[in-house]
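Dear colleague,

I am handing over to you the structure shown below. My notes on what was found in it follow directly after.

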Amino acid sequence: MPSGEEAKKSDSRQCCICSLRRAVLKRPKTQQQICRECFFSAFENEIHQVIVENQLFRPGERVAIGASGGKDSTVLAYVLSELNRRHNYGLDLYLLSVDEGITGYRDDSLETVKRNEVQYGLPLKIVSYKSLYGWTMDEIVKAIGLKNNCTFCGVFRRQALDRGAALLKTDKLVTGHNADDMAETVLLNILRGDIARLSRCTLITTGEDGPIPRCKPFKYTYEKEIVIYPPHLKNYFYTYAYFKKLDYFSTECIYSPNAYRGFAREFIKDLERIRPRAIIDIIRSGENFRISTSTKMPEQGTCELCGYISSQKWCKACVLLDGLNRGLPRQGIGRTRGPNSAKKDGLKIQPEMETESVVRSKPCGTLDF
Ligand SMILES: Nc1ncnc2c1ncn2[C@@H]1O[C@H](COP(=O)(O)OP(=O)(O)OP(=O)(O)O)[C@@H](O)[C@H]1O
């Protein structure tokens, strides 16, 4: 909620868009003082424009919405079903959830998605790590500990969403990644010097050469406009999810001490406080990066084991799974040697080699979307 002073200020102002109603919020993205109705229109129209200008969908397509029950994907499911109706996109929308097997977190958020299924009238499909990989995240964390578990979760989720979308026979998968997520990822890929990921992380649609294209309709949508800003940061905003009274799950993952990403996030929030455009500027910088034609890029192939897209002999999920199943849970973490490099140069992986490189690696989870 805004402080008393902020509330008083906006009480006395008229909406700068319609000049009819009282302004009830200052848009984080543009700093305009506007009324609730104009905020809804501006928020939804911007997303509609992004969808149209980038030709994200074609009439008749089946689209899976990656639904975690969290703020972004809940707002995405709501807005996309509204826009689909209003603008006759002609899409068949589905909710697709991945149950990572995190007791006390994902089981609760899945209850939210089950309610969203009824509230928005969208069919729901749930796929689980246990059924796809034979492991839950609770079991993985027992094997690897809290450090680096985000790597497993990110890699497995990516594939799980693709596999779920294939089961639903959808043409596209959309996720609720927002502008803040995008800016963070640009920054993290720069910090890691990961040219290949940097060149594709700002694309609104990725994976067109893979099993299923993925789109991010919230690419330019500020997190602060999606949901109320965390109260501990002392900055309160009435935002879309709040005004629309949407039913979402707001607890952080109990296994997410992803410190490196957390620093990037805080850095971007600090920049945004000084200059709200900073988030868009970072995304634009990412979009404008050009990789020299002489830079060697990884070639896309398929995993020898599971057939999933991979630039190595084994995809990352198979490397991680192989490590888990052989009691070497650190295999494939960071820049450790794994079956891919071992196969290439005929080396046998020694646990001590892995431990040494794990110390140098940083827990970033996956920096791809
Ligand atoms: N368990 C899941 N099942 C289905 N989709 C998921 C799941 N986890 C993440 N996603 C998809 O990936 C997007 C980004 O997820 P991430 O956890 O990085 O960010 P988030 O800001 O917490 O998103 P959200 O608020 O939607 O949970 C989500 O918006 C959603 O579309």
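In the sheet described below, D99 stands opposite S128 in β5. Strand β5 covers residues 124-128 and is joined to β4 by five bridges, the two strands running parallel. Strands are said to pair if DSSP finds at least two bridges between them. Helices (H or I, at least four residues) and strands (E, at least two) are DSSP runs, numbered from the N terminus.

Two remarks on the source are needed here. This is a predicted model, in which local features need pLDDT of at least 70 and side-chain atom pairs count only at pLDDT 80 or more, while totals for chains, interfaces and linings use all residues. Residues are numbered from 1 along each chain as its sequence is written.

The chain as a whole

The protein chain holds 16 helices and ten strands. Of its 369 residues, 42% are buried; a residue is buried if 20 or more other C-beta atoms lie within 10 Å of its own, exposed if 12 or fewer, and partly exposed in between, with C-beta atoms placed from the backbone. Among contacts in the protein chain with a separation of 6 or more, 66% are between residues 24 or more positions apart. Two residues are in contact if their C-beta atoms, placed from the backbone, lie within 7 Å.

The sheet

Six strands form an open sheet with mixed pairing, in the order β5-β4-β3-β6-β8-β7. Its edge strands are β5 and β7 (205-206), each of which pairs on one side only. Strand β7 is joined to β8 (residues 214-215) by two bridges, and these strands run antiparallel. Here T206 stands opposite R214 in β8.

Helix α3 packs on the sheet and touches β3, β4 and β6; its direction makes about 155 degrees with that of β3. Helix α7 (residues 149-167) also packs on the sheet, touching β3, β4, β5 and β6, and its direction makes about 140 degrees with that of β4. For these angles, axes are lines fitted to C-alpha atoms, for helices over the stretch in contact, and angles run from 0 to 180 degrees between N-to-C directions.

Strand β3 (residues 62-66) is largely enclosed by the rest of the structure, because four of its five residues are buried. It runs parallel to β4, to which five bridges join it, and V63 has L93 in β4 as its bridge partner. The chain passes from β3 through α3 to β4 in a right-handed β-α-β crossover. Right-handed means that, with the strands pointing away from the viewer, the path from the first strand over the helix to the second runs clockwise. A right-handed β-α-β unit is also made by β4, helix α4 (residues 106-120) and β5. Strand β3 pairs in the parallel sense with β6 (residues 172-174) over three bridges, where A64 has L173 as its bridge partner.

The ligand

Of the 15 residues around the ligand, G66, G70, D72, S73 and G176 come nearest; a residue is near a molecule if its C-beta atom, placed from the backbone, lies within 6 Å of it. The elements giving two or more residues to this shell are α3 (71-86) and β4 (92-99).

A loop residue

G145 lies in the loop between α6 (137-144) and α7. G145 is exposed, because 12 other C-beta atoms lie within 10 Å.

With kind regards
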